[in-house]
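Dear colleague,

Please find the sequence and the structure below. My notes on what was found in the structure follow directly after them.

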Amino acid sequence: MTTVDDASGPSRVAEPGEGVTAEELQLAARNHGIPLEALRYDVTPAGLHYLLIHYDIPDLDPDTHALTVTGAVDRPLTLGLAALRERPRVTRRVTLECAGNGRALLHPRPVSQPWLVEAVGNAEWTGTPLAPLLREAGIAADAVDVVFTGADHGVERGVEQDYQRALPAADALREEVLLAYEMNGTPLLPQHGAPLRLIVPGWYGMAHVKWLRAIDVRTEAFDGYQNAVAYRLREDADDPGVPVTRIEPRALVRPPGFPDFMSRTRVLRAGPCTLDGRAWSGHAPVASVEVTTDGGVSWRPATLDGQVGGEFAWCRWRYEWTATPGRHVLGARATDASGRSQPVEQRWNRGGFANNLVQRVEVVVPSD
């Protein structure tokens, strides 16, 4: 990797009172979140699914694109897309969430992609399981990490690189990990990783390497930028931190009523109303969701529809509420079967990662 000092600067935290920068707005224009009204869909349409694209969308020809499997294996492999399609075919419904979701709500704000709460989507991914391919290649018994390289290339914090992420070998060999070539029953779109991407159910989005071109098995820990520097929970710049891995539990409210154009404050008629939304966790199935209509002063249990899409997909929750005239702040918090729950006050970290603070939805109920 080559240091390119003139192209990018070090990470930083916004100064007190500093607004969102032009650079952050430029990122936000490229990387969109799900419109919250689209939480009504069990499966997120591809065009509404969140996007995070680190560098450029590469120009790849599916007819000639090949995946290599090298490193600590007995039999290196090279497979084109046609060969991968001939292997056993599996479809999994998986919720993907960006590790930086909620970053812009932290104080002070880490300066980067300014996500609020919309960096999520739930799609059906079709491909072939990774584990049999690794076993066919003869993965070494002493393998430590499996490195996945995308075809996207750029500079980040002064480091020129291909986008690369590693999984511990034990996680790469999980049966649910996919080499995906379809999304929602059609070939991957360019922005979603065409012609081939990795899907790692339960992990934040940085692990789901798009435009996948190479798999390299290592017998030592991978120290590439995206593993060793980015995507780590750290308190300050000198803290080595701990890696970001599985998705923390989160519930979102599908905003009721209709919005004000600028503020997105909701207007809702008085009377009975079914509040609903989605909840998910990468650690364990969602066990319960609680709802507040008074900004967290009180909480009431919601009804869960269950994990109808499988253990790695979001589930729907519902709550019957009678809206009364005035201003209300709605929110929901999820608890999963491992006992993890959403915080009311978020612990800060320098990268703004894994922020699952309870959402706030402002609602005005007119008196007439």
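The second largest cavity is lined by Thr95, Gly202, Ile247, Trp280, Ser281, Gly282, Glu311, Phe312, Ala313 and Trp314. A cavity here is a set of points, on a 1 Å grid over the protein atoms alone, where a 1.4 Å probe fits but cannot get out, and lining residues have an atom within 4 Å of a point. The space in this second largest cavity is about 60 Å³, where a volume is the space filled by probe spheres set on the points, with grid points joined across faces, edges and corners. Its lining has five nonpolar, four polar and one charged residues. In this scheme Ala, Val, Leu, Ile, Met, Phe, Trp, Tyr, Cys and Pro count as nonpolar, Asp, Glu, Lys and Arg as charged, and the others, Gly among them, as polar.

Please note that this is a predicted model, in which local features need pLDDT of at least 70 and side-chain atom pairs count only at pLDDT 80 or more, while totals for chains, interfaces and linings use all residues. Residues are numbered from 1 along each chain as its sequence is written, and side-chain values use heavy atoms, with hydrogens and water left out.

The search of the whole structure finds three cavities of 30 Å³ or more. The largest cavity holds about 230 Å³ of space. It is lined by 21 residues, and Leu52, Arg197, Gly205, His208 and Lys210 lie nearest its centre. Twelve residues of that lining are nonpolar, six are polar and three are charged.

Next come the pockets. A pocket is an open set of points with protein on both sides within 12 Å along at least five of seven lines. The largest pocket has a volume of about 1,300 Å³. Of its 43 lining residues, Leu27, Val111, Ser112, Glu156 and Arg157 are the closest to its centre. Two or more residues of the lining come from each of α1 (22-30), β5 (145-156) and α5 (225-228); helices (H or I, at least four residues) and strands (E, at least two) are DSSP runs, numbered from the N terminus. The largest share, five residues, is given by α1. By class, the lining has 18 nonpolar, 14 polar and eleven charged residues.

The second largest pocket has a volume of about 930 Å³. Its lining consists of 34 residues, and Leu36, Leu116, Val117, Glu118 and Arg360 lie nearest the centre. The largest share of this lining, three residues, comes from β21.

Finally, the sheets. Strands of a sheet pair through backbone hydrogen bonds, either parallel or antiparallel. Two strands are taken as a pair if DSSP finds at least two bridges between them.

In it, β15 (residues 266-267) and β22 (residues 361-365) run parallel and are joined by two bridges. Val267 stands opposite Val364 in β22.

With kind regards
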